[in-house]
Amino acid sequence: MTLTLGTTQAERGKITYGEYDLVRHPVGGMDRLPVIIARGNSDGPVFWVTAGIHGIEHAGIQVIHRLITPELVSDLRGTIVAIPALNPAGLRTLERRAYYDDTDPNRLFPDGRPPKTDLDKAPPSVLEQAYGRLFEEIKKSASCFFDLHCISINSISFVFRDRVLYRKGDEAGRLRAEGVSKKMEEMAKAYGHTITADFSVGKYIDEKLHRATTASVAMLAGIPALTAELSGSYTPMLATVNAGMAGLLNVMRWAGMLPGDPEPITGIKVVDPGFPTRRRSVARVTEACIVHHLVEPGGLVKIGDPLVEMRDAWGRVLGVLHSEYDGFVISCPSGILYYPGEASMLLAIRDDEPLVGEYPADFFD
Ligand SMILES: [Zn+2]
């Protein structure tokens with residue numbers, strides 16, 4: 001069966017270009033996703049790569065542009081399906097979200113719950129419906145999936161390992177979840193950048209991260225999927241783009257889509273504290289202040305290490321916040337001005353939670 005997506009049809013040994021209809025506008029015209037399909041000369045896995053679901057995150061777009069070349073296709077076994085701009089409205093307006101849906105677009109993929117009929121509430125938005133259709137396309141053809149993001153300025157480049165959940169009592173579901181999670185671990189290692197798991201299960205559902213592109217694809221479609229965070233938003237550093245591209249080439253070598261050994265990841269910091277980690281927002285300031293970060297992204301920290309100095313507007317030191325965890329600094333939010341309770345640092349801390357677990361008991365109610 002020939003793989004097609006929107007107007008793009010795979011052709012053996014070729015790169016084909018086309019569009020996928022996303023959202024029709026009330027004034028006519030439409031937001032369409034740019035689609036690239038690169039099909040090798042021999043059959044093999046189908047690797048989906050997407051970017052730009054958050055309109056300020058641009059590195060992934062360049063990674064896709066530079067990744068897909070005629071030289072790549074001549075070596076390729078299998079097919080790459082790439083969408084470099086998942087959220088055209090957000091990208092046009094330089095906003096994380098699309099102006100026609102208030103929700104974070106990376107929380108709009110299906111979660112497997114039956115639709116609720118409440119006539120006083122709006123039905124799923126046009127964008128949520130469109131991503132639901134796109135999910136079905138991914139499910140139909142993908143062997144593995146990468147979604148490319150940027151977390152915040154000066155961040156290290158890393159991958160988030162989603163947790164994979166299954167329904168209580170569903171033995172086949174548990175086995176599938178474990179299989180997918182294991183593949184995700186292998187794929188993350190093949191990518192070669194820093195690895196950290198996402199929040200713990202409760203917080204993960206709380207933040208609706210189970211509706212992120214990769215979580216939805218891994219959990220509902222059983223396809224190994226990873227979210228790559230390629231450093232900072234807006235104009236990317238060339239080293240970041242090159243490292244992202246090298247990582248994806250390594251994933252394709254791991255998947256048997258390209259020959260040869262993995263290439264070293266250079267030009268970026270890769271951190272391995274020697275234990276599995278998950279993310280946690282820390283260094284919550286205790287009063288309104290201006291912070292001075294004492295450790296940079298990529299820096300290893302131990303319990304008790306000073307993380308952040310809180311100063312008043314004149315520069316007088318108000319206090320120092322220390323780490324409650326062993327781990328490393330992933331990133332610092334944009335800006336240095338904080339109100340009480342706000343977290344001024346994102347840490348990767350020791351992960352003592354399973355990567356595969358049951359959905360909360362009331363999840364499907
Ligand atoms: Zn993002």
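Select Y100 to begin: in this predicted model, Y100 counts as buried because its relative accessibility is 19%, against a cut-off of under 20%. Y99 counts as exposed, with a relative accessibility of 54%. Turn the view until both rings are clear, and you will find that Y99 and Y100 make an edge-to-face aromatic pair, with 5.0 Å from centre to centre and 70° between the planes.

For a contrasting geometry, go to Y359 and F363. Here the ring centres are 4.7 Å apart and the planes meet at 20°, so this pair is stacked. Y359 is buried at 10% relative accessibility, and F363 is buried too, with a relative accessible area of 2%. A search of the whole structure turns up eight aromatic pairs. While rings are on display, select F47, F146 and Y191 together, as these residues form one aromatic cluster.

Two charged side chains deserve a stop as well. Show K203 with F199: the charged end of K203 sits over the F199 ring, 5.0 Å from the ring centre. Then show R350 with F275, where R350 lies over the face of the ring at 4.0 Å from its centre.

**The zinc ion**

Next, centre the view on the metal. Which residues hold the zinc ion? The coordinating atoms are ND1 of H54, two OE atoms of E57 and ND1 of H149, at 2.0 to 2.5 Å. Label the angles among these four donor atoms and they run from 57 to 157°, which makes the site irregular. In sequence, the donor residues follow the spacing H-x2-E-x91-H. Colour the chain by element and you can see how this pair links distant parts of it: H54 is in the loop between β5 (42-51) and α1 (59-67), while H149 is in strand β7 (residues 144-149), 95 residues apart. Both H54 and H149 are buried.

Pick W48 and show what surrounds it. Beyond its neighbours within four places in sequence, W48 is in contact with L5, V81, I83, L134, E137, I138, S141, A142, C144, F145 and F146.

**An enclosed helix**

Now select helix α7 (residues 213-221). Is α7 largely enclosed or largely open? Eight of its nine residues are buried, so the helix is largely enclosed by the rest of the structure. The buried residues are T213, T214, A215, S216, V217, A218, M219 and A221. Show the surroundings, and you will see these buried residues packing against α4 (126-141), β7, β9 (164-166), α5 (171-191), α6 and β11 (225-230). Step just past the helix to G222, which takes a positive phi of about 65°.

**Backbone stops**

Most residues other than glycine have a negative phi. With that in mind, select L94, which has a positive phi of about 55° although it is not a glycine. L94 is in the loop between α3 (88-93) and α4, and it is partly exposed, with a relative accessible area of 43%. S231 is another non-glycine residue with a positive phi, in this case near 60°. You will find S231 in the loop between β11 and α8 (238-254), where it counts as buried at 13% relative accessibility.

**Two last selections**

Move to S200, in the loop between β10 (194-197) and α6 (201-206). S200 counts as buried, with 15% relative accessibility. Leaving out residues up to four places away in sequence, S200 touches R163, R278 and E353.

Finish at L300, in strand β14 (residues 300-301). Is L300 buried or exposed? At 54% relative accessibility, it counts as exposed. Not counting residues up to four places away in sequence, L300 touches V271, P273, G327 and F328. For a sense of scale, draw a line from L300 to T69: the two are 231 residues apart in sequence and 38 Å apart in space, C-alpha to C-alpha.

Definitions and conventions: Residues numbered from 1 in each chain as written. Predicted model: local features only at pLDDT ≥ 70, side-chain atom pairs only at ≥ 80, totals over all residues. Heavy atoms only, no water. Donors = N, O, S within 2.8 Å, 3.2 Å for Na, K, Ca; no water. Tetrahedral: all angles 85-135°; square planar, octahedral: opposite > 155°, others 65-115°. Helix = DSSP H or I, 4+ residues; strand = E, 2+ residues; numbered from the N terminus. Buried < 20%, exposed > 50% of the residue type's maximum accessible area, 1.4 Å probe, protein only. Contact = heavy atoms within 4.5 Å. Phe/Tyr/Trp six-rings, centres within 6.5 Å; stacked < 30°, edge-to-face > 60°. Lys NZ or Arg CZ within 6 Å of the ring centre and 35° of its normal.
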